[in-house]
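Visitor: Hi! I'm new to reading protein models. Could you walk me through this one?
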Amino acid sequence: MDFEAGRFLLVGAILLFISVLAGKFSNRFGTPTLLLFLLLGMLFGSDGLGVEFYSPDWAQFVGMMALSIILFSGGMDTKRDEIKPVAAQGIVLASVGVLLTALVTGTFIFFVSQWCTINLTFTESLLLAAIMSSTDSASVFSILRSKKMALKENLRPLLELESGSNDPMAYVLTILLISVLKAGDVGWGQSLLLFFVQMGVGALSGYLLGKLAVFIINRIDIGNKSLYSVLLLAFVLFIFAFTDFINGNGFLAVYIAGLIVGNNKLIYKKSLASFFDGLTWLFQIIMFLTLGLLVNPHELLGVTLIGLIVGIFMIVFARPISVLLCLAPFRQLSTRARLYVSWVGLRGAVPIIFATYPIVAQLEHARIIFN
């Protein structure tokens, strides 16, 4: 075996082993498991134990594949009867909520960046805010389900629906603003049309291909029970890639496909759900470790102050303002419920994945935005 390949496998195996052990002990100290995976990646990186990794393209690929599986699995575990009562609130939070969060936070970033002499333009500030604007499905699903929280007023399905469906909005905003920064002038009318096309095509593709997956899996006779899991995994990756190929939103497509598959009768459904549960954990670990390796802690020193200020502003002001405005028309939710939703704005791997896009696009302040 080639030495580099052997060393890569050795380091990878050690990282996975340590991650599993860290996950076992994290609950004892009240530390989010996924955060530990990210910190482990940083510990083993070039500023730590010396694992050299700088490939935003590869990190982006790993993140997109992992996120596809996480979103599909999250959709598969979501019951249709649970999300029906909160569908309107969830959709508003996932669309208007993300947009408001990006606008409020982006405006704040612009003025703070001038004060900190980083001097981001308003469009760059909006890009950073758009990257940060979605809640992280991996984090939300992991915490709400691992803690088995008995939340009233349908808050768990509301938060899961929001986190599973707001990544597409943040993705479209991120791609749109990168296009504006690269081209210098993009028609906003055309951009708005592109947004609706992406979301519409993504939703329709996810629904139709999800139905197709159910139809084929229930009728095909493979002869080997284990291969049904492989077949469904192939469908997930195909749904994401095909939808992206036809200019739809792949993230929305796989989440809706997961909802369709999980809420229909399916052969070997329990074993398929168990397979995807384990696969989701594996890809969450790989994704957070990969993104941790991509972060160089010494580069964070120059943006620590503005990073903390922006983070606190988003937690204390931007997220609550956006949520309270979005939920204002829905009188059935109590004030305590609205405040709770406004505080469950967990950020995780998704913003880091989206932050690789400006680097790949070679924007001027891409590394500052990533850090």
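Visitor: Which residue takes a positive phi just after helix 5?
Guide: That is Thr117, with a phi of about 60°. A quick note first: this is a predicted model, where local features need pLDDT of at least 70, side-chain atom pairs count only at pLDDT 80 or more, and totals for chains, interfaces and linings use all residues. Residues are numbered from 1 along each chain as its sequence is written, and side-chain values use heavy atoms, with hydrogens and water left out.

Visitor: Where else is phi positive in a residue other than glycine?
Guide: Asn247 has a phi near 65°, and Asn247 sits in the loop between helix 11 (227–245) and helix 12 (250–262). Tyr268 has a phi near 55° and lies in the loop between helix 12 and helix 13.

Visitor: How many helices and strands are there in the chain?
Guide: The chain has 18 helices and 0 strands. These are DSSP runs numbered from the N terminus: H or I of at least four residues for helices, E of at least two for strands.

Visitor: What about helix 5, how far apart are its ends?
Guide: Its end C-alpha atoms are 41 Å apart, which agrees with the 42 Å that its 29 residues should span at 1.5 Å a residue. The expected span is 1.5 Å times one less than the number of residues. Helix 5 also bends by about 35° at Gly97. The bend is the angle between axes fitted to the seven residues ending at a residue and the seven starting there.

Visitor: And where does helix 15 bend?
Guide: At Met314, by about 45°. Helix 15 (residues 304–327) reaches 33 Å from its first C-alpha to its last, close to the 34 Å expected.

Visitor: Which residues of helix 15 are buried?
Guide: They include Ile306, Val310, Phe313, Met314 and Val323. Buried means under 20% relative accessible area, exposed means over 50%, and partly exposed is in between, using a 1.4 Å probe and protein chains only. The cover over the buried residues of helix 15 includes helix 5, helix 6, helix 8 (155–165) and helix 16 (335–343).

Visitor: Back to Tyr268: how does its relative accessible area class it?
Guide: Tyr268 is partly exposed, because its relative accessible area is 34%.

Visitor: OK, new topic. What share of the chain is buried?
Guide: Buried residues make up 50% of the 371 residues.

Visitor: Which residues touch the most other members of the largest nonpolar core?
Guide: Among them are Phe72, Leu232, Phe251, Leu291 and Phe354, in a core of 90 residues. Its largest share, 11 residues, comes from helix 13 (residues 269–294). Apart from this core lies another, of 15 residues, among them Leu159, Val323, Leu333 and Val344. A nonpolar core is a set of buried Ala, Val, Leu, Ile, Met, Phe, Trp, Tyr and Cys residues joined through side-chain atoms within 4.5 Å.

Visitor: Why might nonpolar side chains end up buried?
Guide: In soluble globular proteins, nonpolar side chains tend to be buried together.

Visitor: Tell me about Phe354. Which helix holds it?
Guide: Phe354 is in helix 17 (residues 349–360). It counts as buried because its relative accessibility is 0%. Leaving out residues up to four places away in sequence, Phe354 touches residues including Ile131, Ser134, Asp167 and Phe251. Touching, or contact, means heavy atoms within 4.5 Å.

Visitor: Where is Ser134, then?
Guide: Ser134 is in the loop between helix 6 (122–132) and helix 7 (137–146). Ser134 also counts as buried, because its relative accessibility is 0%.

Visitor: What does its side chain pair with?
Guide: The side chains of Ser134 and Asp167 make a polar contact of 3.2 Å. A polar contact is a pair of N or O atoms within 3.5 Å; within protein, one must be able to donate a hydrogen and the other to accept it, and residues adjacent in sequence count only if both atoms are side-chain atoms.

Visitor: How far is Ser134 from Pro351?
Guide: They are 217 residues apart along the chain, while their C-alpha atoms are separated by 7.4 Å.
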